[in-house]
Amino acid sequence: MTIQTPISSHPITARWPAARPDTIQLYSFPTPNGVKVSIALEELGLNYEAHRVTLSDADVKSPEFLSLNPNNKIPELIDPNGPGGETVELFESGALLIYLADKTGNLMPEGAAKYDVLKWLMFQMGGLGPMFGQLGYFVKFAGKDIEDPRPRERYQAEAKRLLAVLEGHLSDREWMAGDYSIADIAIAPWLRQLEAYGIKDMVGWNALTHAPAYLDRFLARPAVQRGLNIPAREG
């Protein structure tokens with residue numbers, strides 16, 4: 001989606017003013033989905049301005065935030081220097097990753113190899129993230145008080161299955177799809193989240209070999225370390 005008005009006049013800036021309206025504006029919070037984009041921006045060396053948007057209704061359901069994303073989820077991005085000089089608005093973390101890779105010609109190969117990256121990106125978007133998130137809900141958050149064990153068992157089994165897919169795929173490669181790419185930037189933050197949800201033992205993480213080594217490689221990257229804390233969790 002493109003808009004013709006400058007960033008400085010966009011409704012979202014009434015709540016999150018742009019100090020540098022001529023550069024990329026990121027509206028996010030350091031969740032697994034949020035840090036995908038800050039890590040990509042750091043890896044690509046792009047100039048950007050990060051705005052801290054908490055997960056509270058006061059932020060994500062505010063009229064200003066909804067003016068950019070009617071689905072009231074972080075992250076969001078505005079690029080005043082999109083294709084043809086047009087301003088581009090985006091939401092959904094996968095869409096943001098694809099856009100940044102296309103914009104720079106990095107973190108995603110050309111030709112047939114591009115679709116190898118995209119299939120693993122979609123593996124995360126449609127499977128790994130939602131299933132890990134649901135298991136976290138039934139273990140750490142409000143769902144933990146539900147006595148019926150079936151929801152938790154369902155997501156536990158699916159999380160273990162998805163990890164087995166990753167473990168097998170990573171047995172003979174360093175990264176998910178050839179060179180380091182947006183597929184890795186999408187997947188690895190969700191592996192890191194297993195500890196935050198307190199579900200590593202439930203999904204058999206410590207019995208794995210290749211997936212933990214993969215996560216360690218990812219976390220050792222300087223751009224990753226920077227991106228994991230952008231924007232800062234505390235304002």
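This is a predicted model: local features need pLDDT of at least 70, side-chain atom pairs count only at pLDDT 80 or more; totals for chains, interfaces and linings use all residues.

Me: How is the packing of two helices described?

Reply: Two packed helices are described by the angle between their axes and the distance between the axes. Take helix α1 (residues 32–44) and helix α7 (residues 182–197) here: their axes come within 9 Å and cross at roughly 135 degrees. That angle makes α1 oblique to α7.

Me: What is the handedness of the crossing of α1 and α7?

Reply: The crossing of α1 and α7 is right-handed.

Me: Which residues meet where α1 and α7 touch?

Reply: From α1 come P32, N33, V35, K36, I39, A40 and E43, and they meet I185, A186, P189, W190 and Q193 in α7. Sorted by class, this contact of α1 with α7 has 8 nonpolar, 2 polar and 2 charged residues.

Me: At what angle do α5 and α7 pack?

Reply: Helix α5 (residues 112–139) packs against α7 at an angle of about 15 degrees, and the two axes are 9 Å apart. Angles under 35 degrees count as roughly parallel, so α5 is roughly parallel to α7. The crossing of α5 and α7 is left-handed.

Me: Which residues of α5 and α7 meet, and how do they divide by class?

Reply: In α5, the residues are V117, W120, L121, F123, Q124, L128, G129, F132, G133, G136 and V139; in α7 they are I182, A183, A186, I187, W190, L191, L194 and Y197. The contact of α5 with α7 divides into 15 nonpolar, 4 polar and no charged residues. A186 and W190 of α7 are listed in this contact and also in the contact with α1.

Me: Are α1 and α7 mostly covered or mostly open?

Reply: Burial is read from relative accessible area, and under 20% counts as buried. In α1, 11 of the 13 residues are buried, so α1 is largely enclosed by the rest of the structure. The buried residues of α1 are P32, G34, V35, K36, V37, S38, I39, A40, L41, E42 and L44. α7 is mostly covered as well, with 13 of its 16 residues buried.

Me: Which residues other than glycine have a positive phi?

Reply: N72 and L107 are examples. Phi of N72 is near 45 degrees, and N72 lies in the loop between α3 and β4. Phi of L107 is near 65 degrees, and L107 lies in the loop between α4 (93–104) and α5. L107 is buried, with a relative accessible area of 16%.

Me: What does L107 have to do with S181?

Reply: Leaving aside neighbours within four places in sequence, S181 is in contact with L107 and V117. S181 sits in the loop between α6 (150–169) and α7 and is buried, at a relative accessible area of 1%.

Me: Is Q156 buried or partly exposed?

Reply: Q156, in helix α6, is partly exposed, with a relative accessible area of 22%. Beyond its neighbours within four places in sequence, Q156 is in contact with L135 and M202. As for distance, Q156 and E49 are 107 residues apart in sequence and 38 Å apart in space, C-alpha to C-alpha.

Me: Last, where are there cis peptide bonds?

Reply: Omega is the angle to read. The bond from I74 to P75 is cis, with omega near 0 degrees, and P75 is in the loop between α3 (63–66) and β4 (76–79). The bond from I230 to P231 is also cis, with omega near -15 degrees. P231 is in the segment after α9 (222–227).

Terms used. Residues are numbered from 1 along each chain as its sequence is written. Side-chain values use heavy atoms; hydrogens and water are left out. Axes are lines fitted to C-alpha atoms, for helices over the stretch in contact, and angles run from 0 to 180 degrees between N-to-C directions. Helices (H or I, at least four residues) and strands (E, at least two) are DSSP runs, numbered from the N terminus. Angles under 35 degrees count as roughly parallel, over 145 as roughly antiparallel, 65 to 115 as roughly perpendicular and the rest as oblique. A crossing is left-handed if the near helix is turned anticlockwise from the far one by less than a right angle, and right-handed if clockwise. Contact means heavy atoms within 4.5 Å. Ala, Val, Leu, Ile, Met, Phe, Trp, Tyr, Cys and Pro count as nonpolar, Asp, Glu, Lys and Arg as charged, and the others, Gly among them, as polar. Buried means under 20% relative accessible area, exposed over 50%, partly exposed in between (1.4 Å probe, protein chains only).
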